[in-house]
Amino acid sequence: MSAPSGPLAALKAAADAFVADYHARKTSLPGDSHVRAEAAALVATQGLPGPREEAWRYTPLRPFAEAQFAPARRAEPSAALLARIPAIAGTRLVFVDGRFHSELSGVPEGYRVTTGEPAFGHLARPAEEKLVALNTMLAEDGAAIHVPAGTDAGTIILASLATGAAVGFHPRHHIVLEAGATLTLIDLALGDGEYLSNPVLTFEVAAGATVTHLRTQDEGAGAFHLSTVYAEVAEGGTYDSFALTLGGKLARMEVHARLAGPNAAAHLNAAQLLGASQHADFTTIVRHDAPNTASRQTVKNVLTGRSRGVFQGKIEVARIAQKTDGYQMNQALLLSPQAEMDSKPQLQIYADDVKCSHGATVGALDADQLFYLRSRGVPEAEARAILVRAFLSEALDPITHEEARAAMEAAIAAWWERRE
Amino acid sequence: MPAVAETLETVQAATEGGYKWGFSTDIEMDMAPKGLNEDIIRLISARKNEPQWLLDWRLAAFAVWLKMDEPDWAMVNHPPIDYQDLHYYAAPKKKAGPKSLDEVDPELLRTYEKLGIPLKERAILAGVETPDDVMPQVAMDAVFDSVSVATTFKATLAKSGVIFCPISEAVQEHPELVRKYLGSVVPTSDNYFAALNSAVFTDGSFVYIPKGVRCPMELSTYFRINARNTGQFERTLIIAEEASHVSYLEGCTAPQRDENQLHAAVVELVAFDDATIKYSTVQNWYPGDSEGKGGIYNFVTKRGHCRGARSKISWTQVETGSAITWKYPSCVLQGDDSVGEFYSVAVTNNFQQADTGTKMIHIGKRTKSTIVSKGISAGRSNNTYRGLVRIDRRADGARNFTQCDSLLIGDQCGAHTVPYIESRNPTAKLEHEATTSKIAEDQLFYCRQRGLSEEDAVGLIVNGFCKDVLKELPMEFAVEAQKLLAVSLEGSVG
């Protein structure tokens, strides 16, 4: 991208480069070319999210705009990278640099999975989320997972592996659970080096269905990970998620959950553990659009080095959504003098018979607690580790999938050892 | 609304020497033509006999304003404001003869009665007429549209070295102080409305508390907008020198008008070492009628600098009026161990919109801030708390506590909370809590079975909800504020 004169120029140049890439390859890109062309028109006119946009005030995309990403090619992961997929029982769907890799993947039973082209679905809103427009324009592959009514699909391990080639990929997954179906989706984003991963996942949760979405993002130290998730939950359905963010140079996960039917529920728990000069942003918008819906969020941040953590959480309650129960807690531990936490919990409420609350705290490890442990002979480093683990446990506790939880705990422990 | 007549009375009493019962809205005005340009600014400056530096300052602000865009981030909606369709200067020429009380809108009188007149204005009146040796409770500077017409108790204050006068007078008599501090807290380029105010401000209050002085009385200003199609742009500047203390009360009213009137004030506070400024506001500008017609657009910039160590600035506000409120009284905590406080009650009913909150910027070490905000929405109104707490890298041991509660009355209104929390220091501790709920049926039932009407019951419960804020108000305002809450919520139940 040619020498930009400021952040806006850099973003414009980056958007233009993506659009040029689209025009060069559009005839060979698979899937609905109409949806893609519409998205391309949006990217060409709207560009990428800029620093003046409220939703992006704490996450400047300039470093991303100044990097360059070639289109992804078919690649093979190293043995070391493959070994990072935890041993969890379930069907594996492996994507390497954004493309489905059938030899590394398993065969689903009792439900359908389609790959080879982007699973656009109909829940994403390219006109509103600029990175989703980018994804729609350039998406090449993805998984369409369809779980029939009343079926328990067990566990799917959806692994995205990045080989470290300086490429950009935009996977597009669509997950449909028919009435009463259940599924646990272990969503892994692992990689080495510098690249762009811009996935979009959409979840359609029908009446009484439950999807558990457990994500671990441990991308390469130079990677940009910008993901968007949409979940639409019908009557009595549940979208239950936990997102662990460890990796990436610049990472953002944006979740739009809409509770569309009575008694629908969404749990959006997360932990962000950052060090060095990492920047990670967890942004959620929960919309209560029906009566008696509930949302729960516990978000924990542990920041060291010169890292910056961002949390933006919005609970919207429509006029019709009486008896809404919305709760949100965001807490941050700053473990170094250079770390920064920015949070913006938001309530937007148009119904009167609701119970909504949010809380936020930012601080250091409690000196009294540290003293207590030290006075009982626990060495300082260990005492700190114990307190950080205890701090995170509230967000991890709701995870009932034993293997997934153990894998996350192991990833957290490894992060604690390697942190800068 | 309710205090309009009181204010008029007071103004008349103070300027004419005491027609206690009179009421007039027909006051001849000396008015600049509509429109905003450099000539109008020159005219305002000339009418006020201002020095060249101030005219230059205004013109520079105007140049900045021309290049700015009106902000659109607040959760408020209004038709575009035509800044050329306003009078930027209006001063009362002489008082018209009093008319009978029968001519007053009975609706107004009813509200007036509910508030339990006479309240403090009557006390002030009494104060004016008492001999010098009786210490009055409140000193008042009344701002009538653009010109401060009366300042009471100036002499008493002068004895202790306190300067309390219209800012236009301060420009003449204490130019060195005005020049030093004007715009030092809210620079002309700060925001759209602050730039506009800097260009066209007409009057306001100036307070200077010398070193070590505890201001002997509460200082009070009553702002009101009387003339049609006038914008009111007052500018208030309060300076508290080392180890001084002042409590300042601000009341705002405007008569009923069909059109929307613009109010864009700037308030600047400066507190040095160990000084304390307490700034209390009861704002009941005309909110528009029950159909959402008319009412004041209240776009205000209020900010205090705690420049000295251990200084303290405390904002308390009860906002019940205005069609639109857009205001964020803020504290910049520069001095080590300085303290910022914000206590707010914002009530919206009918079609009112309020987007209000505070900013606490922690720069000095061990700085502390407390935010308590209570928002009450009724009717078809929207009420937003918007606030920022920022902890700078150097602010070791800083502490913030924020509590934002919203109460919804009826299912056609909205309550919103938009806090920004930014921390860059690991030794700082921040806590934020927000809740939204409605009045519980059992609370209402309890009050009703003890014989309270539903409206009184709601008033009682709302007052309880707001207690943490109301107790911060000076005595003079507390009683009025409680009644104002009940009046504002009239018609919201049943």
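Guide: Over all chains, the count comes to 51 salt bridges. A salt bridge here is a side-chain nitrogen of Lys or Arg within 4 Å of a carboxyl oxygen of Asp or Glu. The model is predicted, so local features need pLDDT of at least 70 and side-chain atom pairs pLDDT 80 or more, while totals for chains, interfaces and linings use all residues; side-chain values use heavy atoms, without hydrogens or water. Residues are numbered from 1 along each chain as its sequence is written, chains are lettered from A and ligands numbered from 1, in the order in which they are written.

Side chains of opposite charge can pair when their charged atoms come close. Take Arg308(A) and Asp342(A): their side chains meet in a salt bridge at 2.8 Å, N to O. Arg308(A) lies in strand β19 (residues 308–317) of chain A and Asp342(A) in strand β21 (residues 340–349) of chain A, so the pair ties together parts that are 34 residues apart in sequence. Helices (H or I, at least four residues) and strands (E, at least two) are DSSP runs, numbered from the N terminus.

Now cross to the other chain. Two salt bridges are counted between chain A and chain B. Glu340(A) and Arg424(B) also meet through their side chains in a salt bridge, 3.1 Å from N to O. Chain A gives 35 residues to the contact and chain B gives 32; contact means heavy atoms within 4.5 Å. The two chains, A and B, bury about 2,700 Å² between them, with 47% of it on carbon and sulfur atoms. That is accessible area (1.4 Å probe) lost on being put together, summed over both parts. On the chain A side, Arg319(A), Asp352(A) and Val362(A) lose the most area to chain B, together 20% of what that side buries.

Next, helices. In chain A, the axes of α1 (residues 7–25) and α5 (residues 130–138) come within 10 Å and cross at roughly 20 degrees. Axes are lines fitted to C-alpha atoms, for helices over the stretch in contact, and angles run from 0 to 180 degrees between N-to-C directions. α1(A) and α5(A) are therefore roughly parallel to each other. Angles under 35 degrees count as roughly parallel, over 145 as roughly antiparallel, 65 to 115 as roughly perpendicular and the rest as oblique. Phe18(A), Val19(A), Asp21(A), Tyr22(A) and Arg25(A) in α1(A) touch Leu134(A), Met137(A) and Leu138(A) in α5(A).

Chain B has its own pairs. The axes of α10 (residues 441–449) and α11 (residues 454–465) of chain B come within 9 Å and cross at roughly 125 degrees. α10(B) and α11(B) are therefore oblique to each other. From α10(B), Gln443(B), Leu444(B), Cys447(B) and Arg448(B) meet residues of α11(B), including Glu454(B) and Ile461(B).

Last, α3 (residues 52–67) and α9 (residues 192–200) of chain B pack at an angle of about 150 degrees, their axes 7 Å apart. Among the residues in contact are Trp57(B), Phe62(B) and Trp65(B) in α3(B), and Tyr192(B) and Leu196(B) in α9(B).
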